[in-house]
Amino acid sequence: MATLAGGFEDPSGEVLTEAAAVFGLLASSARLHIMWALSQGESDVTHLADRVGGALPAVSQHLAKLKLAGLVRSRREGRRQVYYVDDPDIVTVVRVMVGQLTARTGPLGAHSTASRGS
């Protein structure tokens, strides 16, 4: 691994591949919305579907992918399956990203960040 001027080492290829996979999962606006909702507190699939405006089967599929990736966990409460984010670092990443982009929209409403230069 190469050491940068700031003293940080470059991550391994394995770590970068895993991070890219997580960011790939969060690249879906539906899954990001689900993660945002779960970062606010646990929920069952019915309430999540209502909150994010998605069809119940679609939200269930998104939750299955997030759970398989280890971003979301669930527990049974009677007949309900309750989902939650058990990783405070993922919650932080989602909150920071959404918060920064929300702050950029300013008081005049949303505007495209894609049209800005890099």
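Student: Why is Arg75 called partly exposed?

Tutor: This is a predicted model. In it, Arg75 has a relative accessibility of 30%. Buried means under 20%, and exposed means over 50%. The value for Arg75 lies in between, so Arg75 counts as partly exposed.

Student: What makes the contact of Arg75 and Glu42 a salt bridge?

Tutor: Their side chains meet at 2.5 Å, N to O. The cut-off is 4 Å, so the pair qualifies. The pair links distant parts of the chain. Arg75 sits in strand β2, and Glu42 in the loop between α2 and β1, 33 residues apart.

Student: Why is Glu42 called partly exposed?

Tutor: Its relative accessible area is 44%.

Student: What makes Glu77 a salt-bridge partner of Arg75?

Tutor: The closest N and O atoms of Glu77 and Arg75 are 2.7 Å apart. That is within 4 Å, so a salt bridge is counted. Glu77 also meets Arg80 in a salt bridge, at 3.0 Å, N to O. Glu42, Asp44, Arg75, Glu77 and Arg80 are linked in a network of salt bridges.

Student: Why are Glu77 and Arg80 called partly exposed?

Tutor: Glu77 has a relative accessible area of 34%. Arg80 has 36%. Both values lie between 20% and 50%, so both residues are partly exposed.

Student: Which helix gives the most to the lining of the largest pocket?

Tutor: That is α1, with five residues. The pocket has a volume of about 200 Å³. Its lining divides into eight nonpolar residues, one polar and one charged.

Technical notes: Residues numbered from 1 in each chain as written. Predicted model: local features only at pLDDT ≥ 70, side-chain atom pairs only at ≥ 80, totals over all residues. Heavy atoms only, no water. 1 Å grid on protein atoms, 1.4 Å probe; cavity = no way out; pocket = protein on both sides within 12 Å on 5 of 7 lines; lining within 4 Å. Points joined across faces, edges and corners; volume = space filled by probe spheres on them. Helix = DSSP H or I, 4+ residues; strand = E, 2+ residues; numbered from the N terminus. Nonpolar A, V, L, I, M, F, W, Y, C, P; charged D, E, K, R; others polar. Buried < 20%, exposed > 50% of the residue type's maximum accessible area, 1.4 Å probe, protein only.
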